Structures are given as structure tokens and as C-alpha cells.
Amino acid sequence: MSSSMYAHIRSNPRFAELVARRTRFAVTLSAIVLVIFYGFVMMVAFAPDLVATRLFEGSNLTVGIALGLLQFVLFWVLTLIYVRRANGEFDDLNKEIVNAAWRSEQ
Amino acid sequence: MTIRALSTRLAAALALAAAPLAALAGPAVEATTKQPLNLHAIGMFFVFVLLTLGITYWAASRTKSTADFYTAGGGITGFQNGLAIAGDYMSAATLLGLTAMMYMQGVDAYIYMLSFFVGWPIILFLMAERLRNLGKFTFADITSYRLNQGKVRTMAAVSSLVVVCFYLVAQMVGAGQLIKLLFGLDYTVALFVVGALMMVYVTFGGMVATTWVQIIKACMLLIGGTTVAVLGFSQFGFSFEELTNRAMEIHRLGVNLLAPGSLLADPVTAISLGLGLMFGTAGLPHILMRFFTVTDAKEARKSVLFASGIVAYFFNVIAIMGLCAILIVGTNPQFFEGGEVGGKVIGGGNMIAMHLAQAVGGNLLLGFLSAVAFATILAVVAGLALAGASAISHDIYSRVIMKGTASEKTELRVSKFATIGLGVVAVLLGMAFEKMNIAFMVALAFGVAASANFPVLILSMYWKDLTTRGALAGGYFGLFSAVALVVLSKSVWVDVLGNAAPIFPYTQPALFSMPLAFLAAILVSLLDKSAEAQRERQAFGDQYVRAQTGVGAASAAAH
């Protein structure tokens, strides 16, 4: 791949926009996962009693089990959201940028 | 509980789950005695072998170029690759070790499984698409993209081979012990069967066959696990309340079965354990290689979506299996030595899942699950051998020794010889280590993956100022510090070398060696004022565009 092609893409303001939007999105989602997961780990370490509390009177569903299950589901949903946006919106923008670079290359 | 005791326990737990078969290879295995021939299991395993050999025969006709061999020509779909990644991730230890952990520890095991799962979203958000856009066959392609090919590739190939070899030996020893137990075959016979089949799959069928072996095995694992869990759960009317109420009545932990215990009690260790697992996974060569088998970044993202969904589902299945086993296996004298309930479980703790299968589905289901466990070892071993062979043939032979002048045909031949070589080494080391506690090998594999591979990989993708000297410093520093810390830890210093007390108190080195590797890579890069370093920093611009857009990325071969 010629360096001028890369230079074309780099100088396209849409490229900066794509990178900024995708990076912001990925960093936000990563932060959500890390904060929730390590928050939960801290809770297990510092407040085991809270983790063992029953969610309802007379039920065996504890805060820990519910939060665990919730995280399995939530983190998977976040990957789904990321894949949908990256494979749709971001990829369309990406294609547009690459095509523009091809045209100016010729 | 002292920190020492805690760390030992954590390390044992880590080895149990992280490590395909470490648990089987570790203390739990010592009880392994040869069982009577399990004909159902052997029959079903035979069917699996015939099926996969058929696929290998078909794949052989499609494996002509190096791209076919290393990456199945890039023609695997996101869904297929998702199954294959999940297959590589869910080893026999996941099925056996984690079920046993749930049976013993209750909800602690659930929290533990969550830490295993949580690496996947992070790999997707930060790594998957860049890996696919920058790499071709091995992850060394990425680290050497704008750095000195010869030096950086050698470093990456060496650390890949270290990871692959230690992992491979751990698998082989575990395989031998497990098969002795489940199939009633001799340890050595088991090693030869695993070694020979692995060589056949990889040398003839390359990545196409390896991927399909992995996919079939993943499906078998899902079907087998789900069947056992549903049959078990149905005995309690699919009522979580009923199951847990009765389990708490008879379990030695009582009501604490549902309360977090000591497993993750120390926040520092808990956090570093999570970090180690997360980044160890992100540095395993056979997992990283899977991102090059798909057409483009789009399919790479989809494969993580499918893989993480399957892994999350399966962990919940295992949780149910473990809880059901407390009542179904834990109260049945048939599964305890001497018929003494609460005593020693026949075959050791790792047999809980198998006993549960027999209790709910008879010999047929036991046979099926045993065949699944064997298939799992075979599939993981094939994936490892392929990753090792590509490090030798693509990175060391073709790029470093021949400097890119080798023909595809020669490179392909070298990779096949490398596979056979790895197979022979794996069988020989498997024999040599039969009687040894090899749990440390898995700590080493994860430690080296997290400390030598991951920091250099992530810095080369994200940090413009990384230079060749910095990458080498980080990579070798991570590699040697990880190995040194394991040698000084209890698992080698005391258990293998026979000293009285370990010099390094933990068994998992990543938490200390990983920051050291980052620090070394960053400091050396910043201090590097050479002209070469300047050129490398400037080349980041083009690499960055390619990583973001995929322009110039290796495309799928036409089939």
C-alpha cells in the first residue's frame, strides 16, 4: 500500500472524526466494564455480608448471584452494542473515507 | 487466613481453571488409578476421530498455500470462528475443574468464572479489529510491523514458543492422566494417541482442519454440558430455590454456600488475579492467531461476540451442574471410595462432572462426556501446535533466517516439519513429566503471555514512540522476569527443587512481571535517540491508518 494513500486518508477530516468517535466509544465501554467488574470485586473483598444479602425475603437469590448474572448479561450486551455500531455506522464511514482516498489517488 | 495461604489457594484455583488441565496434572491427579475400559467413551471417541479425520482429508485438498495452512485462507466466518475461539478457551479443565470448584466452593466459583469471562469485552473493544487489520499470520506480524523485523520477530517467536511448549506439556500430562482415568488406557498409549492425531490434523489439514476440530468439539461440549445440567436441574423441578435450599442443608459450607468466602478476600490479589487472567488471555498465541482466520475486522468483531456469548452461557451451565452435583453426587455412596459419603471422591475432585453425568444419564452420558473431554484436549493441543509451528516457520525460518526469500512451498514444508517436531517434543516431555506436579507450567505460560507478549503487542498498536530497542527490552524483560519469578516461587523452588521455603511468595508472576515489562519498554523507547528510532516513530502514522481503516490489510484468499 502506497504511503500517499495513507497520507490522503490521514488528511481527510472525516478520518479524524471516525477515529475520535470510535475511540471515545471503545474507551467508554471499556471503562464501564472495568469499573463495574472491579467495583464488584471490591464489594466481594470489603463487603462480603452485603454480597450475601438476600434480594427478597425468603429467597435464595443473593445480591452476589444477581449481580454476577447481571454482569454476564450486561457485558455481553455491551459487546453486541459495540459490534452493531462498529459494523454499521463506523464501517460505513470507514468505507466512505477509503473510497475518497482511492479517488484522489487516481 | 494468612496472605501466604491465600495466595497458595488462589494460585491453586488459578491453575485449576486457567489452566487447561493444570488441575488434572496437579495434586488432584496423584490419585489417578487406571479404571476399567470405558467402552461407551471409547466408541464415541472413535466416532469423533473418524469424523475429524474425514474433515482433515477434505481440508488437505484445500491446504495449498501458507495462507491456507496458517489461517484457513482467511475464509472462516465470524460465527464459525466464534465457536472455535470459545473451543480454544473452554478446555477440559473448564468443564471438570470449574464444576468441581462450584461443588466445593459454591458462589465463590461463580464470581471466579465471571473474572474469566470479563476479558472478552475488553479484547473486543481494544484489540480485535486492530489485530485483524495489522496482522497476517502470527501476532509477531503486528509487533514487527514498523520495527526491526529480525530482532522483534525473533523475540516474539521465542516467547510464543515458550508459551506454546509449556502449555502443550501441561495438556499432554493432563491428557495422559485423564485418559487413564476415563478410558482405562495406559498413560503412554494416551500420549501417543494425542500426539499422533494432533500431527495428522495439523500437518495435513492445517488451520482448516484445526478450526473444524475445534468447532465440532465446542458443539459437543455445549451439548454434553447442557444435557447434564438440564437432566440434573429437572430433579429439582427447575427451581433455583428448591435446589439451593436443599444444597445448603447438606453442604459443609451450609448457608455460606451462597456467601463469598475466602477465594477473593484480599483485594490486591483479587484485582491482580483478574488482570492476570484478562491479559494472559490477550497474549496467548493460539487465541490471537484466530483473529487472522476471518475475512475482515467486521467478522473479527462478530467472532468475539459469538465466542463471549458461548463462554458466558457455558459458565452458567457449569454453575448449575456444580450445584446439582452437591445433591446428586454428594449424597450418593456409589461415588465415594469405600461408599463413605463425604469421604474421598472416586477419581479425585475433577471427576465430579463425570459422576454427575453418570448419575443423571447412565453410562451412555458418562461415555459421551468422557469423549468430549478427550476431544477437548485434542483440539486444544492441535491449536497450540499450529501456533507453535507458525512461530517457527513463518517468523523464524521465513522472515528471520531467509529474510522473506523462501518460497511458499518451502515455508509450508518447514511448518509441517515443525509440527511433527513439536508433536515429538510434546510426547517425550509428557513421558518425562508423568510423575511431576506440572501446575507451574501453566503459571509460566500465562505469566509469559501476559508479561512478554501482551505489553509489547498493545504498545506497538497504541503507542507511537515504541522503538525496536524498547520492544526488545520489554519483551525479554517480561519473559525472563516471568520465568525467574516462577522458578523462585513455591511451585518450582520448593515442590520441584526441594528447598524449604520459596523466595518469591506468589505462584502467579504476571502481576509483578507485567508492569516491569511495560516500564522497561517505555523507558528504553523514550531514551532511544537513534536515527532508526526516529524512522520507526514516523512510520507509526501509516500503521495507525491501517489499524483504523484496514486499508492494506491481508484480504481473504479466494476459494
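Predicted model: local features only at pLDDT ≥ 70, side-chain atom pairs only at ≥ 80, totals over all residues.
**Stop 1: helix α1 of chain A**

Select residues 3-11 of chain A, which form helix α1. Its buried residues are Met5(A), Tyr6(A) and Ile9(A). Look down the axis of α1(A): the buried residues fall within an arc of 95 degrees, so they line one face of the helix. Now show what covers them. The cover includes α2 (13-46) and α4 (63-105) of chain A, along with α23 (540-549) of chain B.

**Stop 2: the interface of chains A and B**

Colour the two chains separately. Here 48 residues of chain A are in contact with 49 residues of chain B. The chains bury about 4400 Å² between them, and 71% of that is on carbon and sulfur atoms. Select Tyr6(A), Asn60(A) and Phe72(A): these supply 17% of the area that chain A buries against chain B, more than any other three residues.

Next, look for polar pairs. The interface has 15 residue pairs in polar contact, with both residues at pLDDT 80 or more. On the side of chain A that touches chain B, the elements giving two or more residues are α1, α2, α3 (48-52) and α4 of chain A. Of these, α4(A) gives the most, with 17 residues. Sorted by class, this side of chain A has 33 nonpolar, eleven polar and four charged residues.

Four salt bridges are counted between chain A and chain B. To see a salt bridge, select Arg10(A) and Asp542(B), whose side chains meet at 3.4 Å, N to O.

**Stop 3: His286 of chain B**

Move to helix α14 (residues 285-288) of chain B, where His286(B) lies. Is His286(B) buried or exposed? Its relative accessible area is 4%, so His286(B) counts as buried. Leaving aside residues up to four places away in sequence, His286(B) touches Asp88(B), Tyr167(B), Gly383(B), Leu384(B) and Ala387(B).

**Stop 4: salt bridges**

Over all chains the count comes to 21 salt bridges. Select Arg301(B) and Glu129(B), which pair at 2.7 Å, N to O. Arg301(B) is in helix α15 (residues 297-328) and Glu129(B) in helix α8 (residues 119-134) of chain B, so the pair ties together parts 172 residues apart in sequence. Both residues, Arg301(B) and Glu129(B), are buried.

Then select Lys435(B), which is exposed, with a relative accessible area of 73%. Lys435(B) forms a salt bridge with Glu434(B), the closest N and O atoms being 3.2 Å apart.

Finish with Asp495(B) and Lys490(B), in a salt bridge whose closest N and O atoms are 3.3 Å apart. Asp495(B) is partly exposed at 40% relative accessible area, and Lys490(B) is partly exposed at 35%.

Methods: Residues numbered from 1 in each chain as written. Chains lettered and ligands numbered in written order. Heavy atoms only, no water. Buried < 20%, exposed > 50% of the residue type's maximum accessible area, 1.4 Å probe, protein only. Helix = DSSP H or I, 4+ residues; strand = E, 2+ residues; numbered from the N terminus. Arc of directions from axis to C-beta. Contact = heavy atoms within 4.5 Å. Buried area = accessible area lost by both parts, 1.4 Å probe. Polar contact = N/O pair within 3.5 Å; in protein donor to acceptor, adjacent residues only side chain to side chain. Nonpolar A, V, L, I, M, F, W, Y, C, P; charged D, E, K, R; others polar.
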